[in-house]
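Good morning, and thank you for making time for this presentation. I shall ask you to keep the sequence and the structure in view while I speak.

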6 protein chains.
Amino acid sequence: MKLVLKISGKLVNPEDPGYILKLADVVRELVREGHRVAVVIGGGGIARKYIDACRSLGGSEGICDLMGIEASRLNALLFTIALGDLVYRRVVRNIDEMLEAWSTGLVVAAGGFQPGQSTVAVSAIIAEMISADLLIYATVVSGIYDRDPTLDPNAKLLKRVSVEELRRILSRQSVSAGRYELIDPLALSIIERSRIRVAVIDGRDPTTIIQAVRGEDIGTLVVHE
Amino acid sequence: MKLVLKISGKLVNPEDPGYILKLADVVRELVREGHRVAVVIGGGGIARKYIDACRSLGGSEGICDLMGIEASRLNALLFTIALGDLVYRRVVRNIDEMLEAWSTGLVVAAGGFQPGQSTVAVSAIIAEMISADLLIYATVVSGIYDRDPTLDPNAKLLKRVSVEELRRILSRQSVSAGRYELIDPLALSIIERSRIRVAVIDGRDPTTIIQAVRGEDIGTLVVHE
Amino acid sequence: MKLVLKISGKLVNPEDPGYILKLADVVRELVREGHRVAVVIGGGGIARKYIDACRSLGGSEGICDLMGIEASRLNALLFTIALGDLVYRRVVRNIDEMLEAWSTGLVVAAGGFQPGQSTVAVSAIIAEMISADLLIYATVVSGIYDRDPTLDPNAKLLKRVSVEELRRILSRQSVSAGRYELIDPLALSIIERSRIRVAVIDGRDPTTIIQAVRGEDIGTLVVHE
Amino acid sequence: MKLVLKISGKLVNPEDPGYILKLADVVRELVREGHRVAVVIGGGGIARKYIDACRSLGGSEGICDLMGIEASRLNALLFTIALGDLVYRRVVRNIDEMLEAWSTGLVVAAGGFQPGQSTVAVSAIIAEMISADLLIYATVVSGIYDRDPTLDPNAKLLKRVSVEELRRILSRQSVSAGRYELIDPLALSIIERSRIRVAVIDGRDPTTIIQAVRGEDIGTLVVHE
Amino acid sequence: MKLVLKISGKLVNPEDPGYILKLADVVRELVREGHRVAVVIGGGGIARKYIDACRSLGGSEGICDLMGIEASRLNALLFTIALGDLVYRRVVRNIDEMLEAWSTGLVVAAGGFQPGQSTVAVSAIIAEMISADLLIYATVVSGIYDRDPTLDPNAKLLKRVSVEELRRILSRQSVSAGRYELIDPLALSIIERSRIRVAVIDGRDPTTIIQAVRGEDIGTLVVHE
Amino acid sequence: MKLVLKISGKLVNPEDPGYILKLADVVRELVREGHRVAVVIGGGGIARKYIDACRSLGGSEGICDLMGIEASRLNALLFTIALGDLVYRRVVRNIDEMLEAWSTGLVVAAGGFQPGQSTVAVSAIIAEMISADLLIYATVVSGIYDRDPTLDPNAKLLKRVSVEELRRILSRQSVSAGRYELIDPLALSIIERSRIRVAVIDGRDPTTIIQAVRGEDIGTLVVHE
C-alpha cells in the first residue's frame, strides 16, 4: 500500500527521542512488509515557541506560519536520523521536491510546506498526489469525537464519520498559525474531492499505526459514501 | 501602498494580448505613483483544457491541479513580457521564491503555487506575507452578490461584506481542480486571520484597478469589524 | 537500447488525450522490453498561441522562444501523467536536471530547454549526452522528402539520407520561434558530430515507434557513411 | 564599513524576543549610518536540544551538526522578522547563496553553513569573502581571557591579543557538535590568513556593537602584527 | 546602451591576469558611462585540455562540451574577481539564472550554457533576451575576413558584412567540442532573426571595446539590410 | 563497506587521462565487490594556476579558495566521465547535494565544498555524514612521516599514528588557499571526534586503494586508542 503518516507535533519533539525510535521501528516494519511510506511531522512545542516570538516581534501571520514550518522541518529531520538508510536524506520542502524524492523509492519525510496550511493539509496533498491508499493521522486523542472532548466529558468517540459530519463538527475553527485543530478545512476539501481514506488514531503508542494499516478497528475512520 | 492584484484567468489569455497590454499599463502607472505591486494570474481556459485532459488520463486531483498551476504560470509569463524591465523576470513558483523576488524591489508575478490551492488563496498568502495594504481581486463580475448572479436574476451586488457573511454566501462550494469560485475557504481564512483589506471588482476594464487603489466606491469591499 | 523519442508538438496536445494514452502504452512496452527511454515533446498549437501573443506584445524572439518552451513543458507534464510510476515525475528543464533524472533509472520527459533551440535539437543533445543507440523523431509526415511535400506533389520520400544531403535539403530555413521545420542546423550538427542514428517516422500511430526500435523499414533513416 | 556580526546563540532565542528587537534596532542604526551588514546567528539552546536528541538516536556527529545548523537558521529567521524590509528575506544556507544575497545590497542573515564548522567559522568565511572591515563577535562574556573565566576567578580580560596567543589559549579544545568554545581553529586560521580585524565583545546589551564599530575600547581586539 | 561582450577564451586565461585587469577596467568604464553590460567568456586553453582528456576517456561529444563549459566558467569567475562589487557574484549557468541576475542591475558574467552551443551562441542568446543594442565579439584577429586569414595571406578584412555573406564564408565548419570558429550557425541564426548589431573586433587590447561602443570604425560590423 | 576515497589533485589532471582510467577501474572493482564509494578529488595544478591568478587580481583568500574549489570540480567531472553509468552524473557541491546523490545508491564524486576547507576536510565531513568504514587518502608519498620527508632524508614512515601524534607533526601549518599539506586541522578534528579509520597511502598506482580496502599493510593507518 501507499501510506501517508501524519504525526502530530505533540508526539515528536527533541525531548523524547525514545518516541522517535519507536516510530522509526514502525516505519521500518511497514517498509519490510512492502509498503511505500511518506511521513509528515508537525511542529509541536518548538513551533509554538517560535510562532509566539514571531508574533511578539510583529511578524505577519504568514511569516509566523513560516517559522512554524521551519520548526516542523527540524522534527522531520530528527525523524530521518532514526530511520537511516531507508529514508530520503533531505526533508522535502514543497510538492516538487516531494515528487523528486518519491521517485527514488525511499521513505520521504516532510514538515510543513507553506503558510496558511497545516501539516494535516500537507499530508492530504501528498496523499492525493501519490494516490495513497490510506492516510493515517496519529494524534494524542483516541480519534474524532462528536464534541470537543477536552471541554465536554460526555463527548463520544466516533467509529466512522463522513466528511459532511466532520465538517459540521469542525466548523468555525480559526486558522491562526500553530493552532490548527485536528483537520482544517483545506485538508478536508482535499480528502473529500479525492475520496482519501483517512484513519485518525491515538499515536502515543506508534504500533497503533501498524494496527490501522492492517485494518483493525481503532480510532475513527473518515468514510466516503 | 503594497498591493496584491489577483487577475482572473478568464481575463488573461494568449488570444487577447490587447488586454494584457492594458493591464501592464495599469501596473506601470501604479509603480510610477510609488506603489509596490505583486500580481497573481489565474489559469483560465488553457488551465481548464489541461485539467480536463489530465482527468481523462486518470490523473489524481492533485496532479491535475499541478497542470492548472503550470498553465497559470504561462499566463503570468506572458504578463511579464508586457511589463518589461519593471518586473522580476521569472514567474515565482512558491513563497520562498516570492520573498527572494520581492527583495529586489521589482514587480513580482505569480501563477499558482501548490495543489489544493486556488490562485485567490495564493494572492491572500502573498498579501499576508508582505503585509499588503490592499488585495484587489479583478474578475469578470461586478463584485460579490448575495446570491449566484448567474443563476438568480434578483441577486444583489454587495457594497460591503464581512468575512462572516461571505463565508455564509460561499459555503458548500466544492474544491475541484480548476473550478474554484470567487474566494475559496483557505483564502477566506487567511483574509480573516490577518484582516486583509480586499476589493472585488470587475476587471474587464483594468483601469478599475486604479480606481480601487484610489479608494473609489466600486465593486465589493470585504470588511473586518 | 538507450532511446530518445522526439514527439512532434503537433501530436501531443490536451485536446487529444487518447493519443497520449497510446503513446504512454508504447513507452511502457519499451520499458518492459528493457530499453531506457527519454522523451522530448514539442509545444504544438498551445506554444504557437503563446508565441503569437508574445510577439504582439513586442517580446524579443528569445523571450517568445521561452514562452514556447514553457508550453512544451505543459505537454511533457501531461505525458508524465499517463506514464505514472515509470517516469521521473518532474519535467526536466536543462541538461543538468536531465543528468540527475537519468541517474534514477526512470523514463525522463522534457520539453524545450533554451531559447534558440528547437525540441529536435534538445533531443539530439540528450541523445549525445547519454550515448543513445537511436533517436526517433515521430512527426506528422512519413519521413524526410527530397522536396517540401506540402508544396510539391512530386516530392519523394527518402529511405535513407546522409547528413550532407539532409543539410542541402533543409538549408535556408529560418529559425523563427515556433517555426522550426523538421531538423534544424544545430540538431543536424550534433547528429553529425556524434554520428547519432536517427529515424524520422510518421508518429500519428505511435506503435510505429516500436517498429522503428525493432529496425523495421519505415520512414527515413539518417545514415553516417 | 563592511561589517560581519556574529551573535552567540546564547543571546538569540525565541524566549527572549525583546533582545532580538534591540539587536534589530542596532542593525537598523548601522544601516542608517551607511554600513553594509551580514549577521550570523548561533543555534543556542534549541540547537543543543536537537543535537542531544540526535546523539541519543545514534546520529553521526556530522548529522548532529546538521541538526544544530538547522536550529541556528530558525534563530536567524526570527531575526529577519524583526528587521523587516532591510533584510534579504531568506536565511542564506551556503557561500553561494550568501554571494547572491549580498549582491542585492540588503542586510544578509545566516545561521550555520556546514557540518564540522561553527557559526564563528561561518562568520570568518563571510568576512573573508566580502573583505569585511570588521568582524564583531558578540557573546556572553566581556571578551577573551588569558584563562577560562568560568573555571579560574583570576582570569584576566585581554584588551588585545595576537592570533598566536589566541591559538595558545584556545588549543586543545574539542570540536564536538554544539560545543564550540569562542573561536575554533578553522575560524582562527581564516582570521589569520586574511588578517581580519575581530572584536570580541559582551553582546548582552547589543548597543555595545555600535560602540565596537565606532572603535571604542571595549572587549578584546584580535590584532595582526 | 545594453551591451553584450563576448570575450574569446584565447584572451582570458589564468596565466595572464594583467589582461583580465585591463578588461575589468574597460567594463568599469562602460558602467560609469551608464551602460548595462553582460560578459560572456570562452574556455580557451584550459577548456581544450579538459576536452582532449574527455575524448581520450571516451566521453561523448556532449559530455566533452560540458567539460569545456565548466572550464569557461572558471575564466568567467576569474573575471568577476577583477570586477569586484560591480558584478553579480555568481557566474550564471543558464538563461533562467541570467534573467534573475540581470534583474539586480549589476554586470553579469557567463561562460558556456549548454552542450552543442558555443559561447558565441550564448552571447547571441543573451543579446536577444535582453534586447541588447550591441553585441561585441572580442577575438584575436582584426575582424571577419573574406577567407581564412591563417591559411590565405591575401584574405581581406571586411568592414561590413551581411548575415547572408557571413553564412557563405563560414559554411562547412564542423561543430566539434571546443573548435568553434568565429560565429557558429546557431549564433548566426539568432543574430539574423533578431537583427542583432554585432561588431567583431581585435580584443587583444581591450580598450578597443570602448571604441566599438562609441561607434568608431574598427573591426567588422555585421549588418542587416 | 562504505568507503570515502580522497584522491590528491596531484594525481588527477587532464594531462594524464591514463591515470583516471586506472582509478575508474579500481572504483568499478570496488563497486563490483559490493562496496559503496564516494570519491573526493583535489584541484592540483589547475587549481594552483587559478588561485595564483586570483591572488594577483587582489581576490580575497576566500574568493581564491572558491577558484580552487571550482577547479577541483573540473577534475571530479573528468573522473565521472571515466566511470560512466556507475556514477551520479553531477559533481556534488555541498553536503545537501551529497546526501541527495548518496540516496540514489550510485558512486558519488565531489571536489571542494567551501572556502577555508581543504578537499581532505571535505572527505572527512563526508565520511562522518555517511558513517564510512574507511577513509583512504591517496597521495604522492608513501604515507605519513615523522618529519617532512622532502626536507629531511632521515624522515621515517609511520605504520600507525594516533591523532594526537599527527596533530603534533602537522602543527603550525598555514591554511593558505591551495597549500594545504596532508591533513589540515579541521579534517583532523572531524577524524578525531568521529573516530574515523583513515589510511594514507601512495596512490600513484591506484590499485593500492584495493590493497588498503582489503586491510593490507601499506601506508599509514591513523588509529584511535
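Predicted model: local features only at pLDDT ≥ 70, side-chain atom pairs only at ≥ 80, totals over all residues.

Let me begin with the disulfide of chain C. The torsion about the S-S bond of C:C54 and C:C64 is about -85°, so this disulfide is left-handed. As for its place in the fold, C:C54 belongs to helix 2 (residues 44-56) of chain C and C:C64 to helix 3 (residues 61-83) of chain C, so the pair ties together parts that are ten residues apart in sequence. The sulfur atoms of C:C54 and C:C64 are 2.2 Å apart.

How many disulfides does a search of the whole structure find? Over all chains, the search finds six. I shall take two further examples.

In chain D, a disulfide joins D:C54 to D:C64, with 2.2 Å from S to S. This pair links distant parts of the chain, with D:C54 in helix 2 (residues 44-56) of chain D and D:C64 in helix 3 (residues 61-83) of chain D, ten residues apart. The link of D:C54 and D:C64 is left-handed, with -85° about the S-S bond. D:C54 counts as buried because its relative accessibility is 0%, and D:C64 counts as buried at 0% relative accessibility.

In chain F, the disulfide is formed by F:C54 and F:C64, whose sulfur atoms lie 2.2 Å apart. Here F:C54 lies in helix 2 (residues 44-56) of chain F and F:C64 in helix 3 (residues 61-83) of chain F, so parts ten residues apart in sequence are tied together by the pair. With -85° about the S-S bond, the link of F:C54 and F:C64 is left-handed. Both F:C54 and F:C64 are buried.

I turn now to the arrangement of the chains.

Chain A and chain D are related in another way. Chain A can be laid on chain D by a turn of 180° and a shift of 0.0 Å along the axis, with an RMSD of 0.0 Å. These two copies are thus related as by a two-fold rotation axis.

Let us look at where chain A and chain D meet. The contact involves 26 residues of chain A and 26 residues of chain D. Of the interface residues of chain A, 100% are also interface residues in chain D, so the copies meet through the same surface. Between them, chain A and chain D bury about 2,500 Å², with 75% of it on carbon and sulfur atoms. Which residues of chain A lose the most area to chain D? They are A:Y50, A:L57 and A:L74, which together account for 28% of what that side buries.

The interface of chain A and chain D also has charged and polar pairs. Two salt bridges are counted between chain A and chain D. In a salt bridge between A:K49 and D:E15, the closest N and O atoms are 3.3 Å apart. The rule finds four residue pairs in polar contact across the interface of chain A and chain D. On the side of chain A that touches chain D, the elements that give two or more residues are helix 1 (17-32), helix 2 (44-56) and helix 3 (61-83) of chain A. Helix 3 of chain A gives the most to that side, with eleven residues.

Where is D:D148 found? D:D148 is in the loop between strand 4 (134-139) and strand 5 (160-162) of chain D. At 36% relative accessibility, D:D148 counts as partly exposed. From C-alpha to C-alpha, D:D148 and D:I169 are 8.8 Å apart in space, and they are 21 residues apart in sequence.

Notes. Residues numbered from 1 in each chain as written. Chains lettered and ligands numbered in written order. Heavy atoms only, no water. Disulfide = S-S within 2.5 Å. Helix = DSSP H or I, 4+ residues; strand = E, 2+ residues; numbered from the N terminus. Buried < 20%, exposed > 50% of the residue type's maximum accessible area, 1.4 Å probe, protein only. Contact = heavy atoms within 4.5 Å. Buried area = accessible area lost by both parts, 1.4 Å probe. Salt bridge = Lys/Arg side-chain N within 4 Å of Asp/Glu carboxyl O. Polar contact = N/O pair within 3.5 Å; in protein donor to acceptor, adjacent residues only side chain to side chain. Least-squares fit on C-alpha atoms with pLDDT ≥ 70 in both.
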